[in-house]
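Please find below a colleague's note, written for someone who is opening this entry for the first time. The points are meant to be read with the display at hand.

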2 protein chains.
Amino acid sequence: MAEKLKGETTESPDIARTALTSTTEPIQVNFNALPVEENAPDRISIRDVAKQAGVSIATVSMVLNQNPRISRGTHVRVQRVIDSMGYRPNRLAQSLSSRYTQVLAVILPPLRHAFADAYFGEILSGISDRAGKLGHKLLIEQAKPQYIKEGKHIELYERRFVDGVLCLGFNEKHTFLSDLRQYPMILVDNRFGDGLLDFVHCDYRMGAKQAMNCLLQLGHRNIGMIYAAPESPTARDVLEVYTTELRNAGIEVKESWLADGCFTDEGGAAAADLLTHRDKDITALLCGNDKMALGAIRYLVEHGRKVPQDISVVGFDDIQHLAYANPSLTTVHLPLYELGVAACERLVSRIRGKVDRVADVLPTHLVLRESTSIVRTR
Amino acid sequence: MAEKLKGETTESPDIARTALTSTTEPIQVNFNALPVEENAPDRISIRDVAKQAGVSIATVSMVLNQNPRISRGTHVRVQRVIDSMGYRPNRLAQSLSSRYTQVLAVILPPLRHAFADAYFGEILSGISDRAGKLGHKLLIEQAKPQYIKEGKHIELYERRFVDGVLCLGFNEKHTFLSDLRQYPMILVDNRFGDGLLDFVHCDYRMGAKQAMNCLLQLGHRNIGMIYAAPESPTARDVLEVYTTELRNAGIEVKESWLADGCFTDEGGAAAADLLTHRDKDITALLCGNDKMALGAIRYLVEHGRKVPQDISVVGFDDIQHLAYANPSLTTVHLPLYELGVAACERLVSRIRGKVDRVADVLPTHLVLRESTSIVRTR
DNA sequence: GTTAACTGTTTAATCAGTTTAACAATTTAT
DNA sequence: ATAAATTGTTAAACTGATTAAACAGTTAAC
């Protein structure tokens, strides 16, 4: 499969098809060598407004910023001029002066499909919505190794690109995070050095407990776990609760019940392969995220094991469009959108001078669908 | 299904769980009321560097910008001071003066899962990679109705947030696009008013031809089409080629072979339902994107029709992680990553003063997988 | 009737850079 | 030897806002 059929050209190439340069190494840009647009319509500045309104620029500025020292009459008069001239303050000048950019950065890990990922996407939606409401713009960056090496993450602050940064998808392995300790930043959906950095994350312990309760109540006793990124504190939370809950139920955890699925679809499938071969008695799988759960189900079904009749599978995330999977996935719902909202909110209040450490943990809940069932008695 | 199990709280709530405010209406922000961080470490400015190096700030600036009028010796000496002091130029001041922000905006449609969408994600990856190489940052916005109404898309330029804008996922229905005509902007993967705006899009005509060729060669004659967004020129391209190719093969297109699938999974399923009931003889479906194709396959399989034995399905997009679908999807590969790269490149050259209209069309190819087969003779 | 307090506005400094024009010091041409 | 051209550096103007301090003009207090 994946064979390519050679395609012929469209019959009417009425549109020019231009060759694209495809340089791979970074391109040096001389900031100054750029030609200034000749026909750039002269922007209206605060001076123009001041002149037109017959007041000083300080007055216009104060009107703009609703300074109470400006009288009602002047305010109205100046505002009218502002509106009629269609004046919009240059925010570069505003930021230069006020020291606030009203821009936040979101840093994503250097994964190939980071921008197309449902997990990040959901968090991003929350961040974007709240940032907009708080009057902030969003800058998106991917923390490639080169990016970190060049200190671009620090430049973000130092060169005044942004007021604060939200870090998604990182864990304690990503040591560059500690470079940002001195600036406003929130680690999203993880912890770091247990309390050294501000963070907001889902209650993975609660989620794990809900998932394990469900499986145990359904009578499962041989429960495998497809985990990932054990260097991540929140991922470890799940592993720990998994172990604790089994032990509390009087079940001794076997080493052979654990496999790393790398948070990917393929990884989930491979882990399911490994686990089912290492221990034929496994009747249920707890997976660290939905992607691995789906990979596992795909593998199981393709190898003649019925889900959930032969083996139950529980995921983690509750990615929306997976609700249509067949069988639909029982999973721990993580409030990812709300997590984004919370993170954004916390970051902004941090920027505005709030000094307490941020450490929010959002509750989860289990969504029971079709991939789990009562254990089959033999 | 989708019933929720009530979850109990984690046993050790060692981390404070703070209540979150959840305001829904926009929050007024007074730019000036923000307290300036007291302990802000005094940033090093160009003046400090100049003093330390014993030259004027003009010289430092010229060193920074590699102005050739600076002698080799001075350059080295000043650069050494810059490095030793860890000086990083404030880009607000640079941009204020140079009139270039080195920031691009990406505007996405106001869809719920725009950030988690594989189609947008792939384009975004391309844009992000190339923008980084060209020394540009990326601002991401969602064009909600309110956003447009308030003219925020124009503010992006007028207030000097960005130098240019990339518009993803819009079509001729989105009239706000014409507001941006006078500024550097590229419409990505569509046209507008056929040539009024700069654009870069995939060759949907070529793609449609490749898909139809494939189905016709496999012997299909009753081919249904699940389209979407007929207000989109590129979507219309596909519809037109579909019709033309059938006609060229001596097949009269029936009205009942067409259904709108809204570009969604559910829409695809609903359209498949409609089409198969309107015309029992349909043996193949051409779908406007992969999501609808998958929805259609899901519907068909759930209703006892075998894919591809009973009915072949071809998609459009070639979304990566769908390669694992079962059956895997035969689809038209759109070079979305390259599209992002091209769009970004074109935008930057536009910003730098290139005046020719941008009108790139990138070639597609068919990826033959398991969802298509030779037509079943009865 | 002078002083004090309050209002509303403006002057001028500041944010941190870029860039033009001027200038001194050399080098080259006549 | 003098004028012209070249080279490297700098002073000063400029980008477009904010804001502390100064300043009139009223009003209130004693």
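This is a predicted model: local features need pLDDT of at least 70, side-chain atom pairs count only at pLDDT 80 or more; totals for chains, interfaces and linings use all residues.

1. Chain A holds 12 helices and 13 strands, and of its 378 residues 56% are buried. Among the contacts in chain A with a separation of 6 or more, 68% are made by residues 24 or more positions apart. The chain exposes about 16,500 Å², of which carbon and sulfur atoms supply 52%.

2. Three cavities of 30 Å³ or more are counted in the model, and the largest cavity contains about 70 Å³ of space. The lining of this largest cavity is drawn from both chains, with Arg91(A), Val103(A), Leu139(A) and Phe161(A) on one side of the list and Arg91(B), Val103(B), Leu139(B) and Phe161(B) on the other. Sorted by class, that lining has six nonpolar residues, two charged residues and no polar ones.

3. The second largest cavity holds about 40 Å³ of space. From chain A its lining takes Ala114(A), Phe115(A), Leu124(A) and Ile140(A), while from chain B it takes Phe115(B), Leu124(B) and Ile140(B). Here the lining consists of seven nonpolar residues, with no polar and no charged residue among them.

4. Helix α2 of chain A, which covers residues 57–64, has Thr59(A), Val60(A) and Val63(A) as buried residues. Viewed down the axis of α2(A), these buried residues fall within an arc of 100°, and therefore they line one face of the helix. As background, an α-helix has 3.6 residues a turn, so residues three or four places apart point the same way. Just after α2(A) comes Gln66(A), whose phi is positive at about 50°.

5. Is Arg47(A) buried or exposed? Its relative accessibility is 55%, and because the cut-off for exposed is over 50%, Arg47(A) counts as exposed.

6. Glu266(A) belongs to helix α10 of chain A, residues 265–278, and with a relative accessibility of 39% it counts as partly exposed. Glu266(A) and Gly295(A) are 29 residues apart along the chain, and their C-alpha atoms are separated by 5.9 Å. In chain B, Arg298(B) lies in helix α11, residues 290–302, and is counted as buried because its relative accessibility is 19%, the cut-off for buried being under 20%. Arg298(B) and Ala272(B) are 26 residues apart in sequence, and 9.5 Å separates them from C-alpha to C-alpha.

7. The backbone also deserves a look, given that most residues other than glycine have a negative phi, and most peptide bonds are trans. In chain A the peptide bond from Val307(A) to Pro308(A) is cis, with omega near 10°, and Pro308(A) sits in the loop between α11 (290–302) and β10 (312–317). In chain B the peptide bond from Val307(B) to Pro308(B) is cis, with omega near 10°, and Pro308(B) sits in the loop between α11 and β10 (312–317).

8. Which phi values are found at Gln102(A) and Cys262(A)? Gln102(A), although not a glycine, has a positive phi of about 60°, and Cys262(A), although not a glycine, has a positive phi of about 55°. Gln102(A) is placed in the loop between α4 (91–98) and β2 (103–108) of chain A, where its relative accessible area of 8% makes it buried. Cys262(A) is placed in the loop between β8 (258–260) and α10 of chain A, and at 51% relative accessibility it counts as exposed.

Conventions:
Residues are numbered from 1 along each chain as its sequence is written. Chains are lettered from A and ligands numbered from 1 in the order in which they are written. Side-chain values use heavy atoms; hydrogens and water are left out. On a 1 Å grid over the protein atoms alone, a cavity is a set of points where a 1.4 Å probe fits but cannot get out, and a pocket is an open set with protein on both sides within 12 Å along at least five of seven lines; lining residues have an atom within 4 Å of a point. Grid points are joined across faces, edges and corners, and a volume is the space filled by probe spheres set on the points. Ala, Val, Leu, Ile, Met, Phe, Trp, Tyr, Cys and Pro count as nonpolar, Asp, Glu, Lys and Arg as charged, and the others, Gly among them, as polar. Buried means under 20% relative accessible area, exposed over 50%, partly exposed in between (1.4 Å probe, protein chains only). Helices (H or I, at least four residues) and strands (E, at least two) are DSSP runs, numbered from the N terminus. The arc is that of the directions from the helix axis to the C-beta atoms. Contact means heavy atoms within 4.5 Å. Accessible areas come from the Shrake-Rupley method with a 1.4 Å probe; for residues, only the protein chains shown count as cover.
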